[in-house]
Amino acid sequence: MENIIDHAQAFCTEHKERLTKPRVEVLKIISQSLKPVGAYEILEKLGQVIHMPKPPTVYRAIEFWLQNGFIHRIESLNAYTTCHAGHKHKGSQFMICDECGIVIEVHICEMPNTLQKMVTKNTFLPSNWNLEIHGLCQECQSP
């Protein structure tokens with residue numbers, strides 16, 4: 001976790017962004033969670049370190065980290081997880097265990113050829129892309 005906070009500090013210094021206490025704490029909460037965490041769970045945990053935080057505080061911090069590639073939104077779960085691909089990609093892919101809730105980030109940083117062909121065929125210009133595969137992780141498959 002310290003590593004991501006160190007990266008966040010360096011990023012904010014380099015880009016002249018403010019690294020506020022709510023931003024740091026929200027990033028800590030997300031990075032410490034073993035499973036994706038929802039905004040209201042983040043708000044509840046943030047309340048343990050910041051007196052009476054308001055939902056907009058959490059959403060602004062989440063939006064900041066999303067825009068800067070430190071976290072991902074797992075659309076099907078409406079929850080957030082840290083990025084493990086160095087914040088350098090436009091596509092996100094996840095394998096999500098329906099039993100234990102673990103999320104495995106898959107590092108396909110370029111759109112697969114089949115999808116790219118469909119994009120080109122339809123003269124569509126994607127800004128980002130997301131793929132989620134639900135199923136069972138190796139641990140949950142064991143009897």
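Biologist: Where is Asn78 found?
Modeller: Asn78 sits in the loop between strand S1 (71-74) and strand S2 (79-82). Helices (H or I, at least four residues) and strands (E, at least two) are DSSP runs, numbered from the N terminus. This is a predicted model, so local features need pLDDT of at least 70 and side-chain atom pairs count only at pLDDT 80 or more, while totals for chains, interfaces and linings use all residues. Residues are numbered from 1 along each chain as its sequence is written, and side-chain values use heavy atoms, with hydrogens and water left out.

Biologist: What is the phi of Asn78?
Modeller: Positive, about 50°, although Asn78 is not a glycine. Most residues other than glycine have a negative phi.

Biologist: What about Lys16, where is its place?
Modeller: Lys16 is in the loop between helix H1 (2-14) and H2. Its phi is near 55°, a positive value in a residue other than glycine. Lys16 counts as exposed, because its relative accessibility is 74%.

Biologist: Switching to charges. How many salt bridges does the count come to?
Modeller: Four. The rule is a side-chain nitrogen of Lys or Arg within 4 Å of a carboxyl oxygen of Asp or Glu. Side chains of opposite charge can pair when their charged atoms come close.

Biologist: Which residue does Glu25 form a salt bridge with?
Modeller: Lys28, with the closest N and O atoms 3.7 Å apart. Glu25 and Lys28 are about one helical turn apart, because they are three residues apart in helix H2 (residues 21-32).

Biologist: Is Glu25 buried or exposed?
Modeller: Buried, because its relative accessible area is 11%. Lys28 is partly exposed, at 23%.

Biologist: How far apart are the closest N and O atoms of Lys45 and Glu41?
Modeller: 3.4 Å, and the two form a salt bridge. Both lie in helix H3 (residues 39-46), four residues apart, about one turn of the helix. Lys45 is partly exposed, with a relative accessible area of 33%. Glu41 is partly exposed too, at 36%.

Biologist: And what do the side chains of Glu75 and Arg73 meet in?
Modeller: A salt bridge, at 2.3 Å from N to O. Glu75 counts as partly exposed at 44% relative accessibility, and Arg73 counts as partly exposed at 26%.

Biologist: How many positive and negative side chains does the protein have?
Modeller: 14 positive and 15 negative, and the centres of the two sets lie 8 Å apart. Lys and Arg count as positive and Asp and Glu as negative, while His and the chain ends are not counted. Each charge is placed at NZ of Lys, CZ of Arg, CG of Asp or CD of Glu.

Biologist: Now the greasy side. Which residues form a nonpolar patch on the surface?
Modeller: Met95, Ile102, Ile104, Leu131 and Ile133, with about 390 Å² of accessible area together. Patch members have over 30% relative accessible area and no salt bridge; like charges are joined within 9 Å, nonpolar side chains (Val, Leu, Ile, Met, Phe, Trp, Tyr) within 5 Å. Areas come from the Shrake-Rupley method with a 1.4 Å probe, and for residues only the protein chains shown count as cover.

Biologist: Where does Ile102 lie?
Modeller: In the loop between strand S3 (91-97) and strand S4 (103-106). Ile102 counts as partly exposed, at 34% relative accessibility.

Biologist: Zoom out. How many helices and strands?
Modeller: Six helices and five strands. Along the sequence the pattern is α-α-α-α-β-β-β-β-α-β-α. The C-alpha atoms fill a box of roughly 50 × 45 × 25 Å, taken along the principal axes.

Biologist: What share of the residues counts as buried?
Modeller: 37% of the 143 residues. The protein exposes about 9,400 Å², and carbon and sulfur atoms supply 54% of that.

Methods
Buried < 20%, exposed > 50% of the residue type's maximum accessible area, 1.4 Å probe, protein only.
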